[in-house]
Amino acid sequence: MHRRLFPRVLALVALVATAATAGAPATAESPTPATTRLRAAIDTVLADSRLTGAQASVVVVDTSTGQTLYDRNGDRRLIPASNTKLLTSTAALELLGAGHRFGTDVRTTGKRRGGLLSGNLYLRGGGDPTMLAADYDALAAQVAADGVRVVTGNLIADDTRYDRTRLGPDWTWDDEPYYYAAQVSALTVAPDTDYDAGTVIVHAAPADRAGAPPVVNTTPPTGYVRIDNRAETVATGETSISIEREHGGNTIVVSGQIAVGDEPASDWVSVWEPTGYAADVFRAALHRHGVRVLGRTVLGQPTPEAAHPVARHDSMSLGELMTPFLKLSNNGHAEVLTKEIGRVLSGSGTWSAGLTAISEYVADTGMDTGTLRQRDGSGLSRRNLVPATEFVDLLAAVRAEPWFATWYAALPIAGQPDRFVGGTLRSRMAGTPAAGNVHAKTGSLTGVSGLSGYVTSADGRLLAFSILLNNYLTASVKALEDQIAVALAGYREDGAATARVAPPAVPETPRTPEGVECSWVKPITC
């Protein structure tokens, strides 16, 4: 059977089986009293005044039987925001494999004479979005350990694995300086173990006296960005520091005020041209290890096939990458994976090639791709349109995949305070039957909110659900999503009170690597 038919055929088989054993099936026309109460509860949530004039699409399906427990506008195409990552992440695991790794290597065609390398040194990017300054330092240490002391040629930063389209075509211009809309390159740097590649963290600490400018530095230290410090240290008062990069370059303006004795203010800022950023960090690392490069830094030239290796770094596996990607809703990871899928499957590291392959995979799972549009990997584009029922079809189908347990564990988990367990749901639904139970992908844009994933009902049924809310004017409708998820966690078909049933077991969530600290914690808003 073609897999795209599976969810709908499963529902039909379930209804036939129920009719044969009970004589009065629980259909959409004759729901059980418990299902009627559940539908009424969800209807009440969706009647909230915060959704007046808005659009809502909600679908809930019992994954074991295929029975639809609730459907409100399930076939309506709405903007999914970061729920789009459900398509990208499942396709990446299937098409690339959970063991896929990104390699970054250093190569040369130059001739060696003692410590002198006559020729160019190539830093070749493999798309790794988790490369830290420490990883570039380790590469430089390998070059030095190989005996190289002087490079007579240029440092070539090879980012040609992917195309040079840095930003999604539909992304809004005012998002461009922020970490969640960082430029995409096959050669980049992440400042910490949140792995927001293509960004720097800018810190502004108060001076020791009023009237002096704050002390500003970056993580990682780099001369690639220029700081325009317009801020002031004040004796008393509220700290109000603004940190923003000017469009078209790497001048970061720090303005506002910070009081003497206050904690430093910090923010993540995207860089302009991440390939140059990576080359700058690597060149500085070479210098620290006693390797001088006499030539220029040149961006975007391919590494010759005849070049021989000098140093190499391999990333964590894709299965491990799913944790920071999905828990923290990392947009950059989604876009890199989209281009990597295109590169691996068709030899073209472009959005169009990657999105074509993703569409073909999700169609195989049962999604009707004729009813949706995907324009990027992350959901930052407002031209993405997906009906809730198609998300639920995907969620039901991927339970059969060999990588499902890894992916399920990587989804944010409601009410779990650890950032790399609860992720974007860590402060939601705590103290309810949904806490530690709901595994779901969040999504947020202005006027757009979504929550799609799984919840185990009170009688042990694994329910797949999708909640998409668009065009509301209030600040947030997350509380309404949570009310629906809590109602699903408390649902049981016979309507009787019961103790909570534990959700499916999952593998242990990967932890931050030993010896690496994630010292800066930014708010999670996705």
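Here are some friendly notes on this predicted model, point by point.

1. **Ground rules.** Since the model is predicted, local features need pLDDT of at least 70 and side-chain atom pairs count only at pLDDT 80 or more, while totals for chains, interfaces and linings use all residues. Residues are numbered from 1 along each chain as its sequence is written, and side-chain values use heavy atoms, with hydrogens and water left out.

2. **The chain as a whole.** The protein chain has eleven helices and 23 strands (DSSP runs numbered from the N terminus, with helices being H or I of at least four residues and strands E of at least two). Of its 526 residues, 55% are buried (buried is under 20% relative accessible area, exposed over 50%, partly exposed in between, with a 1.4 Å probe and protein chains only). The chain exposes about 20800 Å², and 52% of that comes from carbon and sulfur atoms (areas by the Shrake-Rupley method with a 1.4 Å probe; for residues, only the protein chains shown count as cover). Taking contacts between residues at least 6 apart in sequence, 72% join residues at least 24 apart (a contact means heavy atoms within 4.5 Å).

3. Have a look at aspartate 62, which belongs to strand 1 (residues 55–62). Aspartate 62 counts as buried because its relative accessibility is 0%. Its side chain makes a polar contact of 2.7 Å with the side chain of serine 64 (a polar contact is a pair of N or O atoms within 3.5 Å; within protein, one must be able to donate a hydrogen and the other to accept it, and residues adjacent in sequence count only if both atoms are side-chain atoms). Setting aside residues up to four places away in sequence, aspartate 62 touches Gln67, Leu69, Arg461, Leu462 and Leu463. Threonine 63 sits in the loop between strand 1 and strand 2 (68–72). With a relative accessible area of 6%, threonine 63 is buried, and its side chain has a polar contact of 3.3 Å with that of arginine 399.

4. **Helix 3.** This helix (residues 85–95) is mostly covered, with nine of its eleven residues buried. The buried ones are Lys85, Leu86, Leu87, Thr88, Ser89, Thr90, Ala91, Ala92 and Leu93. Glycine 97, with a positive phi near 95°, follows helix 3.

5. **How helix 3 meets helix 8.** Two packed helices are described by the angle between their axes and the distance between the axes. Here the axes of helix 3 and helix 8 (residues 351–365) come within 9 Å and cross at roughly 90° (axes are lines fitted to C-alpha atoms, for helices over the stretch in contact, and angles run from 0 to 180 degrees between N-to-C directions). The two helices are therefore roughly perpendicular (65 to 115 degrees; under 35 is roughly parallel, over 145 roughly antiparallel and the rest oblique). Helix 3 contributes Leu87, Thr88, Thr90, Ala91, Glu94 and Leu95 to the contact, and helix 8 contributes Ala357, Ile358, Tyr361 and Val362. These residues divide into seven nonpolar, two polar and one charged (Ala, Val, Leu, Ile, Met, Phe, Trp, Tyr, Cys and Pro are nonpolar, Asp, Glu, Lys and Arg charged, and the others, Gly among them, polar).

6. **Leucine 355.** Also in helix 8 is leucine 355, buried at 13% relative accessibility. Its C-alpha atom is separated by 6.5 Å from that of threonine 338, 17 residues apart along the chain. Beyond neighbours within four places in sequence, leucine 355 is in contact with Thr338, Gln374, Arg375 and Asp376.

7. **Backbone points worth a look.** Most residues other than glycine have a negative phi, and most peptide bonds are trans. Alanine 81 has a positive phi of about 50° although it is not a glycine; alanine 81 lies in the loop between strand 3 (77–78) and helix 3 and is buried at 1%. Glutamate 273 has a positive phi of about 70°, lies between strand 16 (265–270) and helix 5 (274–288) in a loop, and is buried at 12%. The peptide bond from threonine 219 to proline 220 is cis, with omega near -5°, and proline 220 lies in the loop between strand 11 (215–219) and strand 12 (226–229).
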